[in-house]
Amino acid sequence: MSDNVIPDIAVVGAGIIGVACALQLARQGLSVVVIDPLEPGHGASFGNAGHLATEQVFPIADASILTRLPAMLMDPMGPLRLDWKYLPRALPWFTRLLLNLRPAAFQRTVAGIRALNESSLGAWHRLLESINRPGLMREDGSLLIFERPDSRQAIDALQARMRQQAVPVDYWQASAVQKVAPQLSEGIQGGLFFPRTGHFLDPYRVVCELVEAAKACGVQFLKHPVLGGKLDEHGVSLRTDQGAVAARQVLIACGAHSAKLTAELTGKKVPLDTERGYHLMLANEHGRLPFAVTSLERKFIMTPMDGGLRLAGTVEFAGLDRPPNMERAWQLHRLSQGLFRRDLSAEDATPWMGFRPSLPDSLPIIDKVCDGKVLLAFGHQHLGLTQAAVTAELIAQLATSAPNGLLALEPYRLDRF
């Protein structure tokens, strides 16, 4: 930025949420600068499953997590992993998560997730159409399959729960699954089809297209780490390794890295942790599936993309500092064996790990605090891609004090912690 020009708002974080917010803010007539130590879209946004998961209206865990805790600690390749060395730091977060599973808190969480998810696809349509890239999204549904006959009871129970929450869902017999996905194994018993879901053909390209649209609106991007900040009478001053960046407002949207700056600027310590998510990109697999397919028993998702078939879904709690265990990514290929008539090829496959920002009530923080100087948009756990566009619309309304015509923001306030 020019030494003589103070932008209206500095966005800390160049992931899908930060970039979408920056574009919407610029369209409100605000001057915007985005700051991130990485190139845009090179954090968690780069490797998400690509699934627009509007059907996932329940918290990230339920009461059964207590019975699963030994397996979480003992099985390094399990779908939900808690690192022994991280256990002391994770226990307070897990305690709060369990408290949020009490009936009243659980219902508030479900209502909060539902409200965002029900607005998500419409917001994505508006955003992609506004940059003339509607073809980046496929709204053709997704499928949850099961293989064991004794899983039918769990499938029926899940379908009933989904219908109670007004989530569109249909039960598909095995013949219907085979008709749309004939390469799947004949052992598939059936599944649940969610028609109001979709997926991106290239999640990273979505970020890149939004960046280009933002630049065309005057948004500037700085590749610096934000080391801290302070509020003053003029707004906010952010410390970077290249000096200070001043702005009238700041938006903290740096995902799992948001807690420190939030505490420094607001004085509020948020219980933010990270779900370390892994994926395995199978570059030589095209045409196997028509849309995202999840396995009930194997607990992972497969999403067809322009670059191949992406296997994702494993979760690890080990903090921000421990190196990735890429064997967890390769485990996804082993999990896929037997799901298809011919096993998937892992030749030229690439593993990846990223940090999903998670709060113990499974809801994000979307708020404006400190006399309007600080805006917050983080904590979307594994729904960041799904909820990015609607979050950007909400942040634009908050920044300009425009009337909120979308949904009530009380469930997402900072002061709930």
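Q: Which residue stands opposite M137 in β9?
A: That's F200. Keep in mind that this is a predicted model.

Q: OK. How many bridges join β5 to β9?
A: Two bridges join them, and the strands run antiparallel. Strand β9 covers residues 198-200.

Q: What sheet are they in, and in what order do the strands come?
A: An open sheet of three strands, in the order β3-β9-β5. The pairing is antiparallel.

Q: Which strands stand at the edges?
A: β3 (51-52) and β5 (137-138). Each has a single partner strand, so one side of each is left without a neighbour in the sheet.

Q: What holds paired strands together in general?
A: Strands of a sheet pair through backbone hydrogen bonds.

Q: New topic. Where is L82 found?
A: In strand β4, residues 80-82.

Q: Buried or exposed?
A: L82 is buried, because its relative accessibility is 1% and the cut-off for buried is under 20%.

Q: What is L82 in contact with, leaving aside neighbours within four places in sequence?
A: L69, M72, L73, L87, A90, F94 and F317.

Q: And how far is L82 from E275?
A: They are 193 residues apart in sequence. In space, the C-alpha to C-alpha distance is 9.8 Å.

Q: What is Q381 in contact with?
A: Beyond neighbours within four places in sequence, its contacts include E275, along with I60, I113 and R356. P357, S358 and S362 are also among them.

Q: Where does Q381 lie?
A: In the loop between β21 (374-378) and α10 (384-400). Q381 counts as buried, at 5% relative accessibility.

Notes: Residues are numbered from 1 along each chain as its sequence is written. This is a predicted model: local features need pLDDT of at least 70, side-chain atom pairs count only at pLDDT 80 or more; totals for chains, interfaces and linings use all residues. Side-chain values use heavy atoms; hydrogens and water are left out. Two strands pair if DSSP finds at least two bridges between them. Helices (H or I, at least four residues) and strands (E, at least two) are DSSP runs, numbered from the N terminus. Buried means under 20% relative accessible area, exposed over 50%, partly exposed in between (1.4 Å probe, protein chains only). Contact means heavy atoms within 4.5 Å.
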